[in-house]
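The structure is shown first.

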Amino acid sequence: MAGGQEQRRMEQKIAATTATGKEAKQTVRKLENRIKDLAEIIKYAEQYKANKGYHTAYKKSKNPDAYFRKHESQIILYGGARRMLEQAGIPLKGLNTDKLKAEYQELTAQEQPDRDNNPSR
């Protein structure tokens, strides 16, 4: 009977280790997804900020058609970035790319130890 108890104990340890491994993989996946999403948000936030002046000048322009033709790319980039940020639920008022970049750095620092412990990734 002692052998049966030992086998059950080993099966329980294996099940617990397997569950811990699955939880760790899910946590890493969530972290990787957040990093990917945040990188995209940062890209759009920078695009938005870089091209906002063109949009403002376009709205105030005495000849909007000519201004649009001259700065079409920047105005379109601004509009696309604005839509993407709004869809992501990012408030445009007081948009702080430095804060987003700091969060990104923090998340990538959290991810790095996992990559060091699991080189097959």
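At 38% relative accessible area, E6 is partly exposed. The model is a predicted one. E6 pairs with R9 in a salt bridge, with N and O 3.0 Å apart. R9 is likewise partly exposed, at 45% relative accessibility. Both residues belong to helix 1 (residues 2–60), where a spacing of 3 residues separates E6 and R9 by about one helical turn. An α-helix has 3.6 residues a turn, so residues three or four places apart point the same way.

**Salt bridges between helices**

The whole structure holds 4 salt bridges. Besides the pair within helix 1, two that link separate helices are described here. Side chains of opposite charge can pair when their charged atoms come close.

R34 and E103 form a salt bridge, with an N to O distance of 2.9 Å. R34 lies in helix 1 and E103 in helix 4 (residues 97–117), so this pair ties together parts that are 69 residues apart in sequence. R34 is partly exposed at 33% relative accessibility, and E103 is partly exposed at 30%.

E46 and K101 form another salt bridge, their closest N and O atoms lying 2.7 Å apart. E46 is in helix 1 and K101 in helix 4, so the contact joins parts that are 55 residues apart in sequence. E46 has a relative accessible area of 35% and is partly exposed; K101, also at 35%, is partly exposed.

| Salt bridge | N to O distance |
|---|---|
| E6 and R9 | 3.0 Å |
| R34 and E103 | 2.9 Å |
| E46 and K101 | 2.7 Å |

**Helix 3**

Helix 3 (residues 72–87) has 16 residues, which at 1.5 Å a residue should span 22 Å; the C-alpha atoms at its ends are 23 Å apart, in agreement with that value.

Which residues of helix 3 are buried? They are I75, Y78, G79, A81 and L85.

Just after helix 3 comes G89, which takes a positive phi of about 80 degrees.

Notes: Residues numbered from 1 in each chain as written. Predicted model: local features only at pLDDT ≥ 70, side-chain atom pairs only at ≥ 80, totals over all residues. Heavy atoms only, no water. Salt bridge = Lys/Arg side-chain N within 4 Å of Asp/Glu carboxyl O. Helix = DSSP H or I, 4+ residues; strand = E, 2+ residues; numbered from the N terminus. Buried < 20%, exposed > 50% of the residue type's maximum accessible area, 1.4 Å probe, protein only. Expected span 1.5 Å × (residues − 1).
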